[in-house]
Amino acid sequence: MNCYDRRDLGLLLLRLGTGGVLAAHGAQKLLGWFGGGGIEGTGQAMEAMGYAPGRASATAAGLAEAGGGTLLALGLATPAAGAAAAGAMVGAAAVHAPNGFFAMAGGYEYAASLGLTAAGLAVAGPGRLSLDHVLGHAVNRNWMVPAAFAATAAATAVVVGARNKRVRKAAEGQQEPLFD
């Protein structure tokens, strides 16, 4: 096996693993599969986390995860797929950030790992064992990488910023007890 064959196989494994996990995670939100809440349950949870409206937020997050994950696994439209999945994981990380880094304490470790891997795949490209390669990279051009990340960063900044503002406003006037 030469270096290019190993690289292509490695990219395929990363795409299948990361894309599969993201697709399953999105299916929990959209369809209620794998013990998920579906749109209704996830929408209520999103409202409680500060994402409003909850149903629309659940749909957007579910589509970014399920759609982005499926496209990553297939190696199709890799820049857009990776950027969308990374953006969804930034939204998840924002919820878990107050708990610190490690997932064991409820932190953002898991979301960061998935998001960074998806972003890395968007930048590196899908490799030759992909639908993008089969289709002549029609939806995987070099200019699409910064365009996908710019659009995702703008949308994510607006959504997470609005969520953080709602969370801060809800916490106003609430004071923890000074003494136990």
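Predicted model: local features only at pLDDT ≥ 70, side-chain atom pairs only at ≥ 80, totals over all residues.
Start with the overall picture. Along the principal axes, the C-alpha trace covers about 65 × 35 × 30 Å. Of the 180 residues in the protein chain, 37% are buried. As for how the chain folds back on itself, take the contacts between residues at least 6 apart in sequence: 66% of them join residues at least 24 apart.

With 19 residues at 1.5 Å a residue, α4 should span 27 Å, and its end C-alpha atoms do sit 27 Å apart, so the two figures agree. This helix is also mostly covered, with 14 of its 19 residues buried.

Part of the surroundings of α4 comes from helix α7, residues 144-171. Two packed helices are described by the angle between their axes and the distance between the axes. For α4 and α7, the angle is about 20 degrees and the axes are 9 Å apart. An angle under 35 degrees counts as roughly parallel, and α4 and α7 therefore run roughly parallel to each other. Their crossing is right-handed. On the α4 side, the contact is made by P79, A80, A83, A84, G87, V90, G91, A94 and V95, while α7 brings M144, V145, A148, F149, T152, T156, V160 and R163. Sorted by class, the contact of α4 with α7 has 12 nonpolar, 4 polar and 1 charged residues. The spacing along the helices is worth a glance here: an α-helix has 3.6 residues a turn, so residues three or four places apart point the same way.

T156 sits in helix α7 and has a relative accessible area of 16%, under the 20% cut-off, so it counts as buried. Setting aside neighbours within four places in sequence, T156 touches G87, V90 and G161. Both G87 and V90 are on the α4 side of the α4 and α7 contact.

The pairing of α2 with α3 looks like this. Helix α2 (residues 38-48) packs on helix α3 (residues 54-74) at an angle of about 110 degrees, with the axes 7 Å apart. Since 65 to 115 degrees is the range for roughly perpendicular, that angle makes α2 roughly perpendicular to α3. The crossing, in which α2 passes α3, is right-handed. From α2, the residues in the contact are I39, E40, T42, G43, M46 and E47; from α3 they are G54, R55, S57, A58, T59 and A61. By class, the contact of α2 with α3 divides into 4 nonpolar, 5 polar and 3 charged residues.

The loop between α2 and α3 holds P53, and the peptide bond leading from A52 into P53 is cis, with omega near -10 degrees. R166 lies in helix α7 and is partly exposed, with a relative accessible area of 34%. Leaving out neighbours within four places in sequence, R166 is in contact with G50, Y51 and A52. R166 and A52 are 114 residues apart along the chain, yet their C-alpha atoms are separated by 8.8 Å.

Two other loop residues have backbone angles to check in the viewer. F34, in the loop between α1 (3-31) and α2, has a positive phi of about 55 degrees although it is not a glycine. A77, in the loop between α3 and α4, likewise is a residue other than glycine with a positive phi, near 55 degrees. Which of the two is buried and which exposed? F34 is exposed, with a relative accessible area of 57%, whereas A77 is buried at 15%.

Notes
Residues numbered from 1 in each chain as written. Heavy atoms only, no water. Axes fitted to C-alpha atoms, helices over the stretch in contact; angles between N-to-C directions. Helix = DSSP H or I, 4+ residues; strand = E, 2+ residues; numbered from the N terminus. Parallel < 35°, antiparallel > 145°, perpendicular 65-115°, else oblique. Left-handed = near helix turned anticlockwise from the far one by under 90°. Contact = heavy atoms within 4.5 Å. Nonpolar A, V, L, I, M, F, W, Y, C, P; charged D, E, K, R; others polar. Expected span 1.5 Å × (residues − 1). Buried < 20%, exposed > 50% of the residue type's maximum accessible area, 1.4 Å probe, protein only.
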